Amino acid sequence: MSKSLPLELPQLQNWSCHTCGGCCKQHGIYITAEERQRIIDQGWTEADGIPADQPLFVEMGHLPGRKWWRLAHQPDGSCVFLDERGLCKIHGKFGEPAKPLACRIYPYAFHPAGDYLAVGLRFSCPSVVENLGTPVVEQRSELQRLARLVVPEGARATTPPKLTDKQPLTWEQVLQLVDAFDTILAQEDHSVIAKLLQAVQLTDLLTAAKIESFAGKQFVELLQLMLDAVATESCDSAAPQPPRGIVGTQFRLLAGQYARKDTYSTQITWGSRWSMLWAGWALARGRGNTPALQARLQSVPFASLENPIGVLPVAADEMLTRYLRVKVQALHFCGAAYYGEPFIPGLHSLALVVPVVLWIARWLAAQEGRAAVGTKDVLEAITIADHHHGYSPALGTWTFRNRIRTLAAMKGIPRLIAWYGR
Ligand code: SF4
């Protein structure tokens, strides 16, 4: 039974809620019919600070005999149940179990990985990015309780992700690959950029070698040979080159998608559709000034997003390394946890989050008139980008996934990592 699946917890991650209320301002909380009825039965009125004309729910779709909803938002984008102190009214009045399941789980994510559940975290939460709170490994019993609420029966039978679009893998091979990439990312004497370039090199070797046709000991030995090869090859001998042409265009469109903030608080109108089209056109062109993509990312010169950063602050390097390791260990880049993507394209998507984060961090600094990018900018940029990673429907579309494949086919991914990591 899935309920007995053991948990694999990230060893290097801490987390406790610091009641910043950020999650209640930026996520759409989808609810079941039972959760909707439970909230109706809680009897919310103006005495609880909920105006009579404020709807509690928004219908998001329906099929014959079935509807689904999300919680409504206040005009400022906050959940209808978030109070002025940043606390949840449902939690305050009826206790934690009375909240929708999505709120109880956040920022955790549970991903079936063969005969165990890999536990990941969403880095849209600033406390996760800053590694604040209790070590996750000390929260096992609480996480086991949450896992029982979310993991469906039969999770043990989940199909492993393929290596590429056509090459199947066993769960054993998937987990050996995860270990290999984690080994690269765990190296202590390399910057996150150097490690990521090694990881992308390993994806190239894996794709070329058709490693999935090897089994057991041979698979492990070949993988070790590849790890040795990428560890000895220098990734940074040539000066980074700016992304031009299709690589530059595709990257700006991809980064623009990560930089958006969709709070669900505003209605989609012809005006908002037009401004999205205009923003896409401006990002594709990449000249003059950027479009304002959200309140934290106002218009700045595109050129300011291409300036060198220099060596990343140690704390920012550590955040990005931990981000990648937690995502890799939790399989939060492929298979059921990531739009059904195979292992290699999923890993390419994850690798691209780093140049995206550094592009957004430059933007945050530039709009405050600063040339220097600091740890604070990187921290906020991670929260902005990871809000979408694996959750935004836009990232799961054919167009977006094809964009990653185009960048990989043009050898653009290491160029982008090296350019924005400099
Ligand atoms: S129901 Fe409560 S915990 Fe969930 S988003 Fe709303 S305020 Fe936050």
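I start with R322, which contacts L12, Q13, F123, V128, V129, E130 and N131 when neighbours within four places in sequence are left aside. Contact here means heavy atoms within 4.5 Å. Before going on, the ground rules. This is a predicted model, in which local features need pLDDT of at least 70 and side-chain atom pairs count only at pLDDT 80 or more, while totals for chains, interfaces and linings use all residues. Residues are numbered from 1 along each chain as its sequence is written, and side-chain values use heavy atoms, with hydrogens and water left out.

R322 sits in helix α12, residues 314-329. Helices (H or I, at least four residues) and strands (E, at least two) are DSSP runs, numbered from the N terminus. Is R322 buried or exposed? R322 counts as buried because its relative accessible area is 2%, and buried means under 20%, exposed over 50%, partly exposed in between, with a 1.4 Å probe and protein chains only. A polar atom of the R322 side chain lies 2.6 Å from the backbone oxygen of V129. The side chain of R322 also makes a polar contact of 2.8 Å with the side chain of E318. A polar contact is a pair of N or O atoms within 3.5 Å; within protein, one must be able to donate a hydrogen and the other to accept it, and residues adjacent in sequence count only if both atoms are side-chain atoms.

Next, the domains. The chain is assigned domain 1 (2-157) and domain 2 (159-422), with bounds from an automatic or database domain assignment. Their centres, taken over C-alpha atoms, are 26 Å apart. In the interface, 34 residues of domain 1 contact 25 residues of domain 2. What area do the two domains bury between them? About 2,400 Å², with 63% of it on carbon and sulfur atoms. Buried area is the accessible area (1.4 Å probe) that two parts lose on being put together, summed over both. On the domain 1 side, α1 (23-26), β5 (108-112), β6 (117-121) and α5 (126-130) each supply at least two residues that touch domain 2. The rule finds 8 residue pairs in polar contact across this interface, both residues at pLDDT 80 or more.

Now the core. The largest nonpolar core has 109 residues, and F110, F343, W359, I360 and V378 touch the most other members. A nonpolar core is a set of buried Ala, Val, Leu, Ile, Met, Phe, Trp, Tyr and Cys residues joined through side-chain atoms within 4.5 Å. Helix α13 (residues 343-366) gives the largest share of this core, 17 residues.

Y420 brings us to helix α16 (residues 412-420), where 7 of 9 residues are buried. The buried residues of α16 pack against α8 (192-209), α10 (245-259), α13 and α15 (398-409).

Last, A385, in helix α14 (residues 375-386). A385 counts as buried because its relative accessibility is 0%. Leaving aside neighbours within four places, A385 contacts Y258, V353, V356, V357 and I360. The C-alpha atoms of A385 and A259 are separated by 6.1 Å, although these residues are 126 apart along the chain.
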